[in-house]
Structures are given as C-alpha cells and as structure tokens.
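Please find below a short note on the model under review. It takes up a loop and a helix pair in turn.

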Amino acid sequence: MEVINALGRRKSAIARIYVSEGTGKITINKKDITEYFPSAILQYVVKQPLNLLDVAEKYDIKVNLDGGGFTGQSQALRLAIARALVKINAEDKKKLKDQGFLTRDSREVERKKPGQPKARRRFQFSKR
C-alpha cells in the first residue's frame, strides 16, 4: 500500500495527514498522540473513525497540525482520518457518513464590529 494523504479543517485548524500500513502509531508534529493531546477525550475524538471500523492497529499516521486550539485541531484531525479511510476503502463511506465524521463543520468565528466590544456584544446603553 502506498502512502495516502488527506486534509481536514475545523475553525482555523488545518490537519494534513499521511497514512501508511503499520502498527497503529499516530505521530502529530513529530510527537506521539499522548504527548500532543494529553486529554483522553481529545485522543478519543481523534481515534473515533479508526475505532468505528476496527482498523486502529492497521495504519501508521503522520500528521502536520497547524492553527486553531486543541479542540479544533482534534476535530480537524478526525475529519482528515475519516477522509483518508474512505480513500483506502470506499465501502466504509456509509458507516463514517452516518456517524457524521465526513461532514466539515463550517462554523467560523464571527468578526468583531467597530463600535462594539465583541462581535455581537454592545457597550452598555445609558439613557442619560
């Protein structure tokens, strides 16, 4: 099997992944997944598509993660892994789509407006 690459985005995070056959090792920015995401919840989010298809021990994944916070990064990585698994085996697409792993969450941060402290928050109104 040759190296499969895929891309995942969420908020301002971008995950570029390279999947090859191996023992289930996930390397993110040259660190192990347990070192990069110390939280067990975020590790679970990243591994959801792999666990759904029972292929967690079949592939080695190298990841370049850039931008965003840790939640956005983990969800971008989950999308990239799901897309790569579909490239490897197209028959898995229905399972992954039913769980919502192939859907790009397109919500972005709303811009701050002038004359306001935040995007929608306004300064306190004073009648007098």
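The numbered points below set out the basis of the model, then the loop, then the helix packing.

1. The model is predicted, so local features need pLDDT of at least 70 and side-chain atom pairs count only at pLDDT 80 or more, while totals for chains, interfaces and linings use all residues. Residues are numbered from 1 along each chain as its sequence is written, and side-chain values use heavy atoms, with hydrogens and water left out.

2. Asn29 sits in the loop between strand S3 (26–28) and strand S4 (31–32); strands (E, at least two residues) and helices (H or I, at least four) are DSSP runs numbered from the N terminus. Although Asn29 is not a glycine, its phi is positive, at about 50°. Asn29 is partly exposed, with a relative accessible area of 31% (buried is under 20%, exposed over 50%, partly exposed in between; 1.4 Å probe, protein chains only).

3. Lys30 also belongs to the loop between S3 and S4. Its phi is positive too, near 65°, in a residue other than glycine. Lys30 counts as exposed, at 82% relative accessibility.

4. How do helix H2 (residues 40–52) and helix H3 (residues 70–88) pack? Their axes are 8 Å apart and form an angle of about 10° (axes are lines fitted to C-alpha atoms over the stretch in contact; angles run from 0 to 180 degrees between N-to-C directions). H2 and H3 are therefore roughly parallel, a term for angles under 35 degrees.

5. In the contact (heavy atoms within 4.5 Å), H2 contributes residues including Leu42, Val45 and Leu50, and H3 residues including Phe70, Arg78 and Leu85.

Notes:
Parallel < 35°, antiparallel > 145°, perpendicular 65-115°, else oblique.
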